[in-house]
Amino acid sequence: MISSTVVNLSRLQFALTALYHFQFVPLTLGLSLLLAAMETVYVISGKQIYKDMTLFWGKLFGINFAIGVATGLTMEFEFGTNWSMYSHFMGDVFGTPLAVEGLMAFFMESTFVGLMFFGWDRLSKPAHLAITYLVALGSNLSALWILVGNGFMQDPVGAKFNPDTMRVEFTDFGALIFSDDAQAKFVHTSIAGFVTASMFVMGISAFYFLNKRHREFAARSFRMAALFGVISSLAVITLGDALGRLDYLVQPTKLAAMEDNWRTTKPPAEPWKIIALPDQNGRKDIFSIGVPYVLTPLVTHSFETPIPGIDELEDQAKVKAVNGMKAVIALQDYAATKSPVALATFRQYESDMGYGFLAQRYAPDQDLTKITPQLLPSVLDQTARASIPNVFVEFWAFRLMVGLGMLFVAVFALGAYYSLRNELEKNRWVLKAAMWSIPLPIIACEYGWITAENGRQPWSVFDLLPTFMSASSHTAGYMVFSLIGFALLYSLLIAAELYLMFKYARLGPTTHEGAHPTSEPSPTPRHVVGEPGYAAKSWK
């Protein structure tokens with residue numbers, strides 16, 4: 001029996017390493033495509049400044065890419081060290097997209113990154129441009145395969161549990177790859193990366209404007225990033241709406257927590273709550289402000305379809321728990337006796353097996369056969385309540401992500417408007433807003449990740465494998481030691497990233513990256529008319 005302390009420490013360690021790593025991922029995804037766009041303009045137009053832009057922003061991309069790789073490598077090993085039961089139970093399915101990501105995307109990306117940085121003088125313009133696009137493709141393919149694996153955790157399709165091997169095995173690889181959750185999350189995550197990179201480029205360009213440096217370089221970088229950001233920020237909101245509807249169809253408990261929806265209301269009266277202070281123990285809100293008649297059409301795209309509230313979902317969970325306990329008991333009987341009757345019983349209730357596993361947590365000695373009729377109502381109540389994620393965290397993580405997304409639309413729109421009118425320097429408040437907004441898309445991405453993963457709880461694989469059953473049987477001391485070690489190591493890597501980014505961003509483009517005389521006001525020569533050799537005098 002794995003203690004709840006070890007499970008919680010394992011969750012905390014993985015959450016910290018994932019949150020650390022995810023600070024680098026969006027910028028890599030988006031900046032790789034922006035670099036390809038800048039170099040495309042250079043190849044088509046032949047203007048040196050676009051090559052200078054590609055070189056400079058490529059340098060910052062390289063810093064982020066290198067540290068991002070370092071923080072990401074350890075995460076795959078964590079599945080084996082801290083989540084051994086998950087790896088055994090789901091390894092055939094979950095390990096496949098991770099392996100493909102490593103073989104196809106990661107090595108492809110890493111190989112072409114070297115050619116992109118060192119091939120400027122060795123490759124033709126079209127060849128180097130193709131390499132840059134392959135880097136962008138490789139970066140985004142990495143995200144695709146990771147999110148295919150995550151998509152299975154959110155909506156386990158394309159596989160089936162085998163009671164003979166006690167493992168989940170493939171039934172349809174295509175269904176796994178093209179699952180609605182995986183594809184929607186991939187597009188949403190990639191576009192969120194485009195937003196992050198756009199704000200990064202726009203904000204640093206604004207810094208140069210505010211300090212009256214590299215004006216031509218900053219103007220072109222700012223305009224390209226602002227236009228790219230307007231399109232990306234609108235697209236990420238649109239895809240977010242699609243994900244919300246997908247949660248309604250596939251993960252209703254996540255949606256109920258996300259919208260703080262305690263009770264099913266006759267449509268279309270459900271309010272969309274702007275702010276709230278949920279009380280999960282009391283199954284109510286201490287305080288809330290909402291807009292009625294908005295949630296139903298927003299989520300269901302109709303005015304007649306009800307949205308299940310948490311109370312209704314808990315009642316459904318109790319029924320599933322009863323069936324799931326029958327499935328688990330039959331599975332244990334089949335494992336011991338290979339009885340055809342036990343197998344038939346298991347198949348009858350197999351779809352609710354996960355709830356039987358979840359109920360084990362509240363059974364005496366985690367043995368379902370020890371649940372007496374007197375204990376059954378208590379076990380069902382605890383199982384049903386455990387099936388709902390943390391409402392406060394889910395509600396506010398989602399609200400903060402959406403609020404920041406709306407802010408990005410405004411910042412990008414204002415930046416694009418004043419950039420196209422060549423009035424940026426007259427509106428320094430827009431430049432300051434862009435500069436101070438640089439970290440906000442990364443924060444929004446972190447809130448998005450929290451929304452997705454907290455909303456999946458209490459499952460490591462939704463409705464199939466509870467998180468408490470997935471962890472390795474380590475001691476609490478071991479987990480504390482490794483948690484502190486990872487936190488210190490990753491903090492040092494983030495400190496290195498910030499130091500290098502600040503250093504090279506403040507330095508700006510070098511002589512070969514845009515700091516040529518055409519970028520600055522022409523100096524005035526110091527001379528005395530008629531003095532011999534006055535043209536060779538020094539500049540002011």
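This is a short walk through one protein chain, from its overall build down to single residues.

Good morning. A word of caution to begin: the model is predicted.

Let's start with the whole chain. How many helices and strands does the protein chain have? There are 18 helices and six strands. The C-alpha trace spans about 110 × 50 × 40 Å along its principal axes. The chain has 540 residues, and 50% of them count as buried.

Next, the surface. Its accessible area comes to about 24,000 Å². Carbon and sulfur atoms hold 67% of that area. And the charges? The chain carries 40 positive and 43 negative ones.

On to a pocket. I picked the second largest one. How many residues line the second largest pocket? The count is 21. Nearest its centre lie F200, I438, L498, M501 and F502. Three helices each supply at least two lining residues: α7, residues 180-210, α16, residues 428-436, and α18, residues 476-507. Which helix gives the largest share of that lining? It is α18, with seven residues.

Stay with helix α7 for a moment. F207 sits in it. Is F207 buried or exposed, or something in between? Its relative accessible area is 22%, so F207 is partly exposed. The cut-off for buried is under 20%. Leave aside the neighbours within four places in sequence, and F207 touches R213, M435, A505 and R506. Now look at G508. In sequence, G508 is 301 residues away from F207. In space, their C-alpha atoms are 9.9 Å apart.

Now the backbone. Here is the background. Most residues other than glycine have a negative phi, and most peptide bonds are trans. This chain has some exceptions to show you.

Take the peptide bond between Q457 and P458. It is cis, with omega at about 15°. P458 lies in the loop between α17, residues 440-454, and β5, residues 459-461.

Then phi. D260 is not a glycine, yet its phi is positive, about 55°. N422 is not a glycine either, and its phi is also positive, about 55°. Where are they? D260 is in the loop between α9, residues 252-258, and β3, residues 272-279. N422 is in the loop between α15, residues 391-420, and α16. N422 has 61% relative accessibility, so it counts as exposed.

With 0% relative accessibility, E394 counts as buried. What is E394 in contact with, beyond its neighbours within four places in sequence? The list is K254, A257, M258, I450, T451, N454 and G455. Compare that with I2. E394 and I2 are 392 residues apart along the chain, and their C-alpha atoms are separated by 26 Å.

Two more residues. First, V250. It belongs to helix α8, which covers residues 215-250. Its relative accessibility is 24%, so V250 counts as partly exposed. Setting aside neighbours within four places in sequence, V250 contacts Q154, D155 and F462. P308 is 58 residues from V250 along the chain, and the two C-alpha atoms are separated by 12 Å.

Last, A136. Its helix is α5, residues 125-154. Why does A136 count as buried? Because its relative accessibility is 4%, and buried means under 20%. Again leaving out neighbours within four places, A136 is in contact with S32 and L33. V93 is another matter. A136 and V93 are 43 residues apart in sequence, and 27 Å apart in space, C-alpha to C-alpha.

Let me close with a few points to take away. The chain has 18 helices and six strands. Helix α18 gives the largest share of the lining of the second largest pocket. The bond between Q457 and P458 is cis. Thank you.

Key. Residues are numbered from 1 along each chain as its sequence is written. This is a predicted model: local features need pLDDT of at least 70, side-chain atom pairs count only at pLDDT 80 or more; totals for chains, interfaces and linings use all residues. Side-chain values use heavy atoms; hydrogens and water are left out. Helices (H or I, at least four residues) and strands (E, at least two) are DSSP runs, numbered from the N terminus. Buried means under 20% relative accessible area, exposed over 50%, partly exposed in between (1.4 Å probe, protein chains only). Accessible areas come from the Shrake-Rupley method with a 1.4 Å probe; for residues, only the protein chains shown count as cover. Lys and Arg count as positive and Asp and Glu as negative; His and the chain ends are not counted. The place of a charge is taken as NZ of Lys, CZ of Arg, CG of Asp or CD of Glu. On a 1 Å grid over the protein atoms alone, a cavity is a set of points where a 1.4 Å probe fits but cannot get out, and a pocket is an open set with protein on both sides within 12 Å along at least five of seven lines; lining residues have an atom within 4 Å of a point. Contact means heavy atoms within 4.5 Å.
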